[in-house]
Number of protein chains: 8
Amino acid sequence: FEAEADRDCPDAETPDVGIIMGSDSDLDTMYGAYEALSELGFEEVTDYDDPPESRFSFETFVISAHRTPELMYAYGETARERGLDVLVAGAGGKSADLPNMTASIAYPLPVIGVPVQEKSLDSVVGMPTGAPLVAVDAGKSFNAALSAVQILSRAHPELEDRLEAYHDGLQDGVGAVSARLHELGTERFREER
Amino acid sequence: FEAEADRDCPDAETPDVGIIMGSDSDLDTMYGAYEALSELGFEEVTDYDDPPESRFSFETFVISAHRTPELMYAYGETARERGLDVLVAGAGGKSADLPNMTASIAYPLPVIGVPVQEKSLDSVVGMPTGAPLVAVDAGKSFNAALSAVQILSRAHPELEDRLEAYHDGLQDGVGAVSARLHELGTERFREER
Amino acid sequence: FEAEADRDCPDAETPDVGIIMGSDSDLDTMYGAYEALSELGFEEVTDYDDPPESRFSFETFVISAHRTPELMYAYGETARERGLDVLVAGAGGKSADLPNMTASIAYPLPVIGVPVQEKSLDSVVGMPTGAPLVAVDAGKSFNAALSAVQILSRAHPELEDRLEAYHDGLQDGVGAVSARLHELGTERFREER
Amino acid sequence: FEAEADRDCPDAETPDVGIIMGSDSDLDTMYGAYEALSELGFEEVTDYDDPPESRFSFETFVISAHRTPELMYAYGETARERGLDVLVAGAGGKSADLPNMTASIAYPLPVIGVPVQEKSLDSVVGMPTGAPLVAVDAGKSFNAALSAVQILSRAHPELEDRLEAYHDGLQDGVGAVSARLHELGTERFREER
Amino acid sequence: FEAEADRDCPDAETPDVGIIMGSDSDLDTMYGAYEALSELGFEEVTDYDDPPESRFSFETFVISAHRTPELMYAYGETARERGLDVLVAGAGGKSADLPNMTASIAYPLPVIGVPVQEKSLDSVVGMPTGAPLVAVDAGKSFNAALSAVQILSRAHPELEDRLEAYHDGLQDGVGAVSARLHELGTERFREER
Amino acid sequence: FEAEADRDCPDAETPDVGIIMGSDSDLDTMYGAYEALSELGFEEVTDYDDPPESRFSFETFVISAHRTPELMYAYGETARERGLDVLVAGAGGKSADLPNMTASIAYPLPVIGVPVQEKSLDSVVGMPTGAPLVAVDAGKSFNAALSAVQILSRAHPELEDRLEAYHDGLQDGVGAVSARLHELGTERFREER
Amino acid sequence: FEAEADRDCPDAETPDVGIIMGSDSDLDTMYGAYEALSELGFEEVTDYDDPPESRFSFETFVISAHRTPELMYAYGETARERGLDVLVAGAGGKSADLPNMTASIAYPLPVIGVPVQEKSLDSVVGMPTGAPLVAVDAGKSFNAALSAVQILSRAHPELEDRLEAYHDGLQDGVGAVSARLHELGTERFREER
Amino acid sequence: FEAEADRDCPDAETPDVGIIMGSDSDLDTMYGAYEALSELGFEEVTDYDDPPESRFSFETFVISAHRTPELMYAYGETARERGLDVLVAGAGGKSADLPNMTASIAYPLPVIGVPVQEKSLDSVVGMPTGAPLVAVDAGKSFNAALSAVQILSRAHPELEDRLEAYHDGLQDGVGAVSARLHELGTERFREER
């Protein structure tokens, strides 16, 4: 598999965001990143020879820092050459080393760490001076993907518009609920939920 | 002062990075951001009418979320128009709301939160789904600035070179210490420090 | 919706207590405030043009600090003019900024913060010197409403009587249970529950 | 001493705020309450037969929940009759029972608890449903006194003006520091401190 | 009810151990104390006029520190005169004041505190110097009762024998399980459970 | 040394309280037990052939659970035969096993555990069901000794008088400080300290 | 039972690894050690007179530090003579003393501690200087057994091959999942699980 | 430097124990490993061409997981071929990845992780199932080295004798202090320290 990964790497050009996680048991938590990117019009690359048509895309892999350290190294080292612009890396457990090690190996590519469990937060966020990594809260893969798009939007202003459109919808939703709660009153609002 | 801030805003064009903190007592901790940006060739803008000559620059302000909420709103709302590309916001205490609120107001600009104290970490990192903010570890303003430059480097490849040059120096330093420790032996290495 | 909120504000005069929360998913936890105020004879205002008849009343809104910062600002800034005397603000997550920011914006109105989750407590209680907010324990919206009435009772002595009547009932209940446990003995008391 | 306390109680009429603490070793932490009340024009009552001239005043006592439970009962039970409107109670240690028990005994008088140490916070804030107490963060006796005045201001509008004047000064201070930091630049600002 | 409690107090002579708890919702956790005392031959007193025949007995009450402070005071103050030798007091929540305040009021009677929840432990164990209380771990009311009997056994050597008989049974049980696990092997032992 | 310990054991009859600690570095913390017992008229036994004249006495040893497990076993197993009535055992670190193991070995003798450091608390208090131990808060060896005397007082009523006399002095002290603070006022009280 | 244990001890020669736990309720957690050793070709010894044929074997016992201290001493003291090379000891609760005490008694035999619950970790890992014990994370009995085999492999190189074979299988598994996730894409991968 | 490390690796044969740490600022904490190995007769290898004469030896390096990931990979991958039998790896911070990653890369060599700070413990101990690492408590590099020698002693029985000799000295020391404290009494023992 590692040989295959190496072979793939030079071929791949398209994906802008790389989503990696330590185990497929993390996928339910990391699914938020998929949702956010899909919401913002990104498509998933599953075949490097047949990339999606949309301008922005992402790829998804399972890589275990502690069980497949060579694979992690291969992925991190080739990430920039393969055209990735930002990585979203999630890991669980108390030694959630995948985001941190990938940030060190893929440097200077920006890496956003997602602690898959509450107890993974300290391990993800705690990088030493000189080794940058940014983190979101435990389980917040959706926000990590939003942040990834914020980063991409520095070079691609059209993404700012997508981010704003998403946010307008969010605010309208809160406003509608607030008006409804106020008008129905607490008791009726709860009954009608 | 708020009037002055409003007046300044449209004038300012240059700074790429905005550094804000909740109190000037946070400055010793936030000084790392100044150091990192200076190390990477950024200059500080202190007079909008007389910007520095270097291509990349930053500005520094004290803004308190709880004592000067209007000032925070004014800064966040105008940040994008004033040409800022990324904000580094630090706050202490357990209700370290400055990074979080600024991220909400300045959205979709990326904001990197710096918990000034260990106990500020949870408050900084804990954003709800849909409201993105990325965080570094408590006190790691140096890393926050490195991450800010990583973000800028997506649109400005020359910054990648600066980041790599910095990192090469860092690695050489570790290598030299390691060789010295190994060759002198533990006892002599400690004596000669 | 924000425009509507602004329009509402000057019209509203009656509500003495404002209950706000960061999301309607907080409503089950914040329902305690509704229960306590109802128990003490307060009525909920759902239509400002048709206020309830009782002397004391309250209103309820959903406002998100991080997703609708402008709405929060509008609510906080107009609270005093709209005749509110005390706010009960609940928020969940680790960055539970709604109570804190509302306290800063609505100052000098007293605000009682309700951490909706245990992990929200630190963020709610941790205000810096000079920015007052008082908090209750996680989930204790019932107590927050009792405290709000204690505050109102400084200017409205009839509320002291209501508070005492409530408390007498509470004490009688504990006393009755204690007598029953003692007389039946532990085993039979458990069986007959 | 308890007899003396009982004798004092009926005599006392004036103090609006009662400050109590579990030990005189808490006084350095509780001194913030003294500072805040003094800043807002309150005077300390030290002789009930010779009350201060200012309209608003406070008194200060040491009362230990665990070492002098009778004294605590006497103080709490007579607080309302003695004309007190709000109590600020501070205690240290992990079993910081003074604020909690006083809130139960002095009910329905509002009590603001001040955890004197970080480890006192849980014990102070954790009241059961039906037994109200509001708390500030560990060591924030200054804020507790501001909150006490916010409560008093519900019945005494002139106190609102004092609170606003205090806050305006606070905001001007932050603004001045921010302007100075921005204009001098980080390096010079630090040097000139 | 309080009047009744006062009336009862002088009458009661027999119970050696007093079990009190903050709420009848604590009874499932405190039931361990009932079990341990029953196992060691103690009987529960439910009618002071008709005490049980066994030499050693106990009584059980619900007393809330925060909702019925007067009742707590009455119980603690009369405990020694009523012939109690040791109290086992359980309370939940973060402000688990019942054991602590009872220890202060009933002093010099020994009081064993039972934190009903994990979060009650700090509040129960954290007494200041000079105010003794001993605690068991969260939920360990069974052990609290064993400790109470250890204390009584200082004056009543026959209780030492009961404690040893209980312990011999416990050790035999562990030994039997260990032999069975070893002889069956892990797999079969698990199947046959 | 162990042989000596064994030899000593049958000879010793007098000490009522045994104070043991895991290391002589714990002595500063455990010194509180010495102070409390001395305050209450207990004398330290240093030579079993020449016991002190006072009716009540104690002895002090260093015993390490992890470095001298045999010594711990020997001490615990012979404690009851040697006439000890209650043990006060202190240990530091996170694996503070000395109190717990001694309680298991010396059973049914009551053992009061003193966590020498805050981080030792969980390890000391956390005994499984069926293995009793009571604990005081971290560092509270003074209170542990008071509790030991409360236990002894069940069989020796004269110790109740000593405990009350100590407590009266304590209460007078708090009362005097409280009166002085109130009469001088906060500012002068602080100056004159 | 203890007599039986003593009798067994000199007879036993074969088992290389001893697995002990504080209660049979720990067996589900400790079952991972059984699985790992079985996976690596170890067999369980259930009858010392009829040892298994495989070269490497293990035994399993329940031993409670607090309820059966004599049994723990007997096991630890005889472990080396009985031919054991490494012990895996698991315990739950906050006072998880079994691994620690066994490490002290069986010294210089290496002992790997398994905290059966998260709250047992501190107690297991926290040994004082001079008393060695190594620990794995809470619940990780599988890893403890792998580490035990790593230790044995220092003297038995054939075990290195087994460890590598196990690891190769593990890596292939991660690689296969990763390829599948990438090729199917996130949505289809989740559906087909 | 990395080239040099690679060149060195095949040459090196002698060291039995490899001590690595993330930064030379960790050396004061890791010095305990040097002390323990020296106490047990191990010598430090500083020149591979001129190894020490003693049978057992160790080497020491600084390797940073996050700043020099290539160096870490090179060290871990060649460790077994270079003849090392066990590694002691220390790291500080919350993302203490050096021990964990080295354990994954150097597998199946046993690695003992030393958390250099208390906050490093979770990150060091928290390995996922299938990736073994054993840990000691924060700062306990001395114990880590003792454990390393316990591991080596499985194949080298003469090391068992050294370990026992060390332990006998330790026990004599505790015994002597205990006897002295008991004979002098608490007061005099403290004075004479």
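Predicted model: local features only at pLDDT ≥ 70, side-chain atom pairs only at ≥ 80, totals over all residues.

Q: Which side chains meet in the one with Lys94(E)?
A: Lys94(E) pairs with Glu118(C) in a salt bridge, 2.7 Å from N to O.

Q: And how many residue pairs are in polar contact between chain E and chain C?
A: Twelve residue pairs, both residues at pLDDT 80 or more.

Q: Which elements of chain E supply at least two residues each to the side that touches chain C?
A: Two helices and a strand: α2 (27-39), α3 (69-78) and β3 (57-62).

Q: How do the residues on that side of chain E divide?
A: Ten are nonpolar, eight charged and five polar.

Q: What area is buried there?
A: About 2000 Å² between chain E and chain C, with 56% of that from carbon and sulfur atoms. In residues, 23 of chain E contact 21 of chain C.

Q: New topic, the core. Which residues touch the most other members of the largest nonpolar core?
A: Met72 in chains A, B, C, E, F, G and H. That core holds 240 residues.

Q: What does Met72(E) contact, leaving aside neighbours within four places in sequence?
A: In chain D, Tyr73(D) and Met101(D). In chain E, Ile63(E), Ala65(E), Leu98(E), Met101(E), Thr102(E) and Ile105(E).

Q: Last one: how far apart are the nearest C-alpha atoms of chain E and chain H?
A: 20 Å, and those chains do not touch. Chain C and chain G do not touch either, with nearest C-alpha atoms 19 Å apart.

Conventions. Residues numbered from 1 in each chain as written. Chains lettered and ligands numbered in written order. Heavy atoms only, no water. Contact = heavy atoms within 4.5 Å. Buried area = accessible area lost by both parts, 1.4 Å probe. Salt bridge = Lys/Arg side-chain N within 4 Å of Asp/Glu carboxyl O. Polar contact = N/O pair within 3.5 Å; in protein donor to acceptor, adjacent residues only side chain to side chain. Helix = DSSP H or I, 4+ residues; strand = E, 2+ residues; numbered from the N terminus. Nonpolar A, V, L, I, M, F, W, Y, C, P; charged D, E, K, R; others polar. Core = buried A, V, L, I, M, F, W, Y, C linked by side-chain atoms within 4.5 Å. Buried < 20%, exposed > 50% of the residue type's maximum accessible area, 1.4 Å probe, protein only.
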